[in-house]
Amino acid sequence: MMLSRAKPAVGSAPAAGDRRRKKGKKVPQLEELLALRDFTGAIALLEFKRHVGEQEEDTDLWIGYSAFHLGDYKRALEEYEALTKKPDCNPDVWVNLACTYFFLGMYTQAEQAALKAPKSRLQNRLLFHLAHKFSDEKKLMSSHQNLQDITEDQLSLASIHYMRSHYQEAIDIYKRILLDNREYLALNVYVALCYYKLDYYDVSQEVLAVYLQQVPDSTIALNLKACNHFRLYNGKAAEAELKNLMDSASSSFEFGKELIKHNLVVFRGGEGALQVLPPLVDVIPEARLNLVIYYLRQDDVQEAYNLIKDLEPTAPQEYILKGVVNAALGQEMISRDHLKIAQQFFQLVGESASERDTIPGRLCMASFCFLLRHFGNVLLYLNSVKSYFYNDDTFNFNYAQAKAAMGDFSEAEEAFLLIQSEKIKNDFVYLSWLARCYIMNKKPQLAWKLYLKMETSGESINLLQLIANDCYKMRQFYYAAKAFDVLERLDSNPEYWEGKRGACVGVFQMILAGREARETLREVVHLLRSTGNSQVEYIIRIMKKWARENRVPV
């Protein structure tokens with residue numbers, strides 16, 4: 001079956017001249033390739049003309065332009081730098097070179113080149129962005145005042161709003177431009193990205209769909225769709241969205257490939273983080289943050305701190321992560337300085353106008369109050385967002401601790417038992433608080449079971465001491481006696497004997513009052529006999545006398 005024909009199936013043969021014209025495809029003109037945004041084709045055509053000696057005056061300029069728009073900034077840099085060295089260099093080349101430096105992250109060189117260019121709107125927009133990069137508010141405002149009410153300038157202003165986390169302001173500008181320019185479909189992606197940053201993932205999906213209907217293979221849009229799925233559903237759903245993108249990403253679109261690799265690590269819960277993220281730390285801003293999160297999850301707090309200590313936070317997520325790292329390091333090293341820094345970061349985010357009424361903002365205030373041990377306020381903030389975290393182990397762990405610290409042991413026990421993470425359930429903080437909740441809720445036998453499951457260690461001895469003292473305080477003398485007995489066997493500290501003696505007498509009192517089973521007396525006598533103290537025989541004699549009179553076997 002013929003999929004294409006060199007000549008019609010019917011009809012007379014064409015003239016000789018026509019045959020020559022139709023022998024091959026017509027070579028496209030540069031203007032056609034640029035209009036189609038076929039920059040690879042444009043570079044191929046321009047290099048061919050350069051090779052065969054048909055080079056026009058602005059060929060080098062167009063190669064630089066095409067390479068820049070293709071994302072090959074190093075190639076564009078070579079072309080523009082070569083042009084600036086020519087005596088008859090067009091002054092406008094300097095602003096093109098400055099833009100290239102900017103996209104390569106060479107901001108100082110970008111500013112130097114931009115200042116050599118004649119004044120123009122493009123130069124002002126570039127200086128506007130450079131002022132943001134340098135955190136120079138004075139220059140930023142100066143460039144801001146020079147912006148005009150034209151599309152390019154307004155788009156530049158919207159991007160600065162976005163980078164300064166003023167997402168609603170950016171959305172307002174994009175929507176205003178879209179009202180007058182419906183054909184600017186790509187702005188829907190920017191609006192969707194802003195909604196994503198505002199945690200409105202479902203709204204982001206709706207806006208994004210408008211663009212994907214027209215451009216279904218867009219790398220940026222498909223990647224954002226995958227990120228929305230990750231937030232709305234899970235990593236597997238997000239990874240499924242990226243599958244087609246991974247297959248179709250072109251070799252020339254290196255940034256797209258790096259972005260996909262980065263996000264796959266996130267979607268897979270950190271799998272392959274050490275292989276993928278370190279080379280991307282200075283390429284994708286989130287790579288550093290996600291690598292810090294990976295180290296925190298691996299309990300490598302020092303490595304996480306080393307990676308983030310020199311980062312100057314500019315976004316709420318960066319402030320929060322620095323707070324978390326300092327809090328973790330402060331608790332590990334028992335360092336007041338790190339804990340104080342963590343408090344400052346949490347308070348800064350939690351009380352900021354933009355984050356105060358957001359979920360992260362309230363969680364920050366909860367963390368701030370937690371470190372100050374103001375547990376009443378902790379619960380105030382956590383209760384306001386509790387419905388969003390029913391199955392979140394970390395949230396339930398903190399919520400349960402705050403409840404227990406406030407004496408609400410019943411709800412604390414419920415929250416502790418919702419936790420599924422084995423890592424948390426093996427944490428001594430979890431075990432000790434849960435044991436205390438069991439004891440306060442009159443379930444000392446469950447606290448004792450927690451101890452029996454532990455291997456002998458410093459933590460198990462600490463748990464025994466907690467059980468012994470809390471049970472004694474709550475008049476649960478039987479388990480207090482058992483705990484003090486084990487402690488006495490491990491350490492001949494006279495305080496343990498005194499505790500054991502008091503607990504055993506307490507059990508006897510409870511039996512006399514009819515609040516403890518009489519059969520328990522046999523075990524109490526056994527516990528007392530394991531001690532070589534002179535008081536033991538006297539106590540046992542009294543107990544046995546009562547047992548004989550009441551026909552209780554001992």
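Predicted model: local features only at pLDDT ≥ 70, side-chain atom pairs only at ≥ 80, totals over all residues.
Two residues are said to be in contact when heavy atoms of each lie within 4.5 Å.

Helix α12, which spans residues 187-197, is considered first. The buried residues of this helix pack against four partners, namely α10 (151-163), α11 (167-180), α13 (201-214) and α14 (219-232). Of the 11 residues of α12, 8 are buried, so the helix is largely enclosed by the rest of the structure. The buried positions are Leu187, Asn188, Val189, Val191, Ala192, Cys194, Tyr195 and Tyr196. Just after α12, Asp199 adopts a positive phi of about 70°.

Positive phi values also occur in loops. Ser135, a residue other than glycine, has a positive phi near 55°. This serine is located in the loop that joins α8 (121-133) and α9 (137-145). Because exposed means over 50% relative accessible area, Ser135 counts as exposed at 56% relative accessibility. Arg373, likewise a residue other than glycine, has a positive phi near 65°. The loop that holds Arg373 runs between α22 (359-371) and α23 (375-385). With a relative accessibility of 61%, Arg373 counts as exposed.

Two helix pairs illustrate how neighbouring helices are arranged. In the pair formed by α18 (residues 285-297) and α19 (residues 301-308), the axes come within 7 Å and cross at roughly 165°. Since an angle over 145 degrees counts as roughly antiparallel, α18 and α19 are therefore roughly antiparallel to each other. The crossing in which α18 passes α19 is left-handed. On the side of α18, the contact is made by Arg288, Leu291, Val292, Tyr295 and Leu296, and on the side of α19 by Glu303, Ala304, Leu307 and Ile308. By class, these residues comprise 7 nonpolar, no polar and 2 charged. An α-helix has 3.6 residues a turn, so residues three or four places apart point the same way.

In the second pair, α24 (residues 393-405) and α27 (residues 428-440) pack at an angle of about 45°, and their axes are 11 Å apart. The two helices are therefore oblique to each other. The crossing of α24 and α27 is left-handed. Phe397, Gln401, Ala404 and Ala405 of α24 make the contact with Val429, Tyr430, Trp433 and Cys437 of α27. The contact of α24 with α27 divides into 7 nonpolar residues, 1 polar residue and no charged residues.

The nonpolar cores were examined next. The largest nonpolar core contains 76 residues, of which Phe416, Tyr430, Trp448, Ile467, Leu528 and Met543 touch the most other members. The greatest contribution to this core comes from helix α30 (residues 477-490), which gives 9 residues. When neighbours within four places in sequence are left aside, Met543 is in contact with Cys504, Phe508, Leu521, Val524, Val525 and Leu528. Another core, of 37 residues, lies apart from the largest one and includes Leu178, Ala221, Ile260 and Leu264.

Definitions and conventions: Residues numbered from 1 in each chain as written. Heavy atoms only, no water. Buried < 20%, exposed > 50% of the residue type's maximum accessible area, 1.4 Å probe, protein only. Axes fitted to C-alpha atoms, helices over the stretch in contact; angles between N-to-C directions. Parallel < 35°, antiparallel > 145°, perpendicular 65-115°, else oblique. Left-handed = near helix turned anticlockwise from the far one by under 90°. Nonpolar A, V, L, I, M, F, W, Y, C, P; charged D, E, K, R; others polar. Core = buried A, V, L, I, M, F, W, Y, C linked by side-chain atoms within 4.5 Å.
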